[in-house]
Amino acid sequence: MDDCLVPRNVSQGMVGQLSARRAAGVVLEMIKEGKIAGRSVLLAGQPGTGKTAIAMGIAQALGQDTPFTSMAGSEIYSLEMGKTEALTQAIRKSIGIRIKEETEIIEGEVVEIQIDRPASGVGAKVGKLTMKTTEMETIYDLGNKMIESLMKEKVQAGDVVTIDKATGKVSKLGRSFTRARDYDATGAQLRFVQCPEGELQKRKEVVHTVTLHEVDVINSRTHGFLALFSGDTGEIKPEVREQINTKVAEWREEGKAEIVPGVLFIDEVHMLDIECFSFLNRALEDEMAPVVIMATNRGITRIRGTNYRSPHGIPIDLLDRMIIISTTPYEDKELKEILKIRCEEEDVEMSDNAMIVLTRIALETSLRYAIQLITTAGLVARKRKKTEVTIEEIKKVYSLFLDEHRSSQFLKEYQDEFMFNEEETKMEVTPS
Ligand SMILES: Nc1ncnc2c1ncn2[C@@H]1O[C@H](COP(=O)(O)OP(=O)(O)OP(=O)(O)O)[C@@H](O)[C@H]1O
Ligand SMILES: [Mg+2]
């Protein structure tokens, strides 16, 4: 998108679908400004019209600091936890807290590092580190751990470093300008900095962003932070969450923490059932709610878990809270552009004529089917030792692999020979 929020026709692999992309861009701006927490956006449109692609585009544009969680509606049935627990975790993964901390650091230019190895060759090393600013110079005693971190960072005299007093973490800022002349053969990555001024010890504010879910897991006595690596977090007790909410509220009041509402993307949202929908409805009212983006390709259909029908299979009261972005089927120019991009992605060369035929196929069957044909046609061409896919290969794979329409045509013609044919035998679905 350009600065006026007008989408470029082709950009970063996205083609056409201009009004939906523009709407998504506006949503993105609002998310970035923190304006629409607790709201919800629905991407609705036919299959293969780029809903998932747009959501992934939003995720990319959000940047590092805004949490983004993506899940498919059907996922909640396969996890080893209740549906509402799964949703709660997904929601809390999508809310960040920016925590401000003051730490004490030592920042200065290294004058000398002196390490004394024990005469026997074994045992703890000790040493001394001399650091200076433009105004002062101090000698620090070094323990074994500090010596290791200094060696790991390859710190030497003339480097400007910071040392976190609490954790002992050493970071190199660069080399001091005063030492520039000592080193003629400097690598390109070498950075020169001024020798720091003032006191050697400073207070510095550091900010880090974590998600509420991470805090939950770390504070949950049954799991501990290692669970974050295995992903095996199981259910988290409501009391733990309550405590954390209270703590976070305190931090916010004291100005130590800020809430960063992120984005929860639920693809194939029609797979959720009525319990999930009413849970979401409630969750969106919470003071700390993320932006929920959902996508569906369903029309008016039954809401799972009820006998009621509603648009997109989503209850009306939830629909009422949403802003709806609709995606529309592509025209042939856009299809061609998308197919071209896919060819590049998959490293398949395609002749112009083949491209025209493939676009035609995409128009008459579906974009997804045409995309599948790219890879397969590419393979056939390679087997035939051709550098480029021509109409021949497209024809070949088109006859080898059926699209949905031809497949159902085939079924209609030969239905008697298949199992579970509804025309003949009525299947007994519910046990009597
Ligand atoms: N505007 C677009 N620009 C570039 N590629 C696109 C665009 N729209 C769709 N595609 C490509 O087409 C394919 C299908 O798109 P996508 O998966 O986003 O469809 P969808 O709307 O989520 O469909 P469904 O309802 O079946 O989930 C993907 O490979 C995607 O990269
Ligand atoms: Mg999709």
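Colleague: What is the bridge partner of Ala44 in E14?
Modeller: In E14, Ala44 is partnered by Thr296. This is a predicted model, where local features need pLDDT of at least 70, side-chain atom pairs count only at pLDDT 80 or more, and totals for chains, interfaces and linings use all residues. Residues are numbered from 1 along each chain as written, chains are lettered from A and ligands numbered from 1 in the order written, and side-chain values use heavy atoms, without hydrogens and water.

Colleague: How many bridges pair E3 with E14?
Modeller: Five, in the parallel sense, between strand E3 (residues 40-45) and strand E14 (residues 291-296). Strands pair if DSSP finds at least two bridges between them. Strands (E, at least two residues) and helices (H or I, at least four) are DSSP runs, numbered from the N terminus.

Colleague: What is the strand order in the open sheet?
Modeller: E4-E13-E14-E3-E17, five strands with parallel pairing. Strand E4 (68-72) and strand E17 (322-327) are at the edges. Each has a single partner strand, so one side of each lacks a neighbour in the sheet.

Colleague: Switching to the ligand. Which residues are closest to ligand 1?
Modeller: Val15, Lys51, Thr52, Tyr330 and Arg368, out of 18 that surround ligand 1. A residue is near if one of its heavy atoms lies within 4 Å.

Colleague: Which polar side-chain atom lies 2.7 Å from a ligand 1 oxygen?
Modeller: One of Lys51. A polar backbone atom of Gly48 is 2.8 Å from an oxygen atom of ligand 1. For Glu268, a side-chain N or O atom is 3.4 Å from a ligand oxygen. A polar contact here is a pair of N or O atoms within 3.5 Å.

Colleague: How much of ligand 1's accessible area does the protein cover?
Modeller: The cover is 88% of the 630 Å² that ligand 1 has on its own, by Shrake-Rupley with a 1.4 Å probe.

Colleague: Why does ligand 1 lie between domain 1 and domain 3?
Modeller: Because domain 1 (10-94 + 262-327) and domain 3 (332-415) both give residues to its shell. The bounds come from an automatic or database domain assignment.

Note on methods. Polar contact = N/O pair within 3.5 Å; in protein donor to acceptor, adjacent residues only side chain to side chain.
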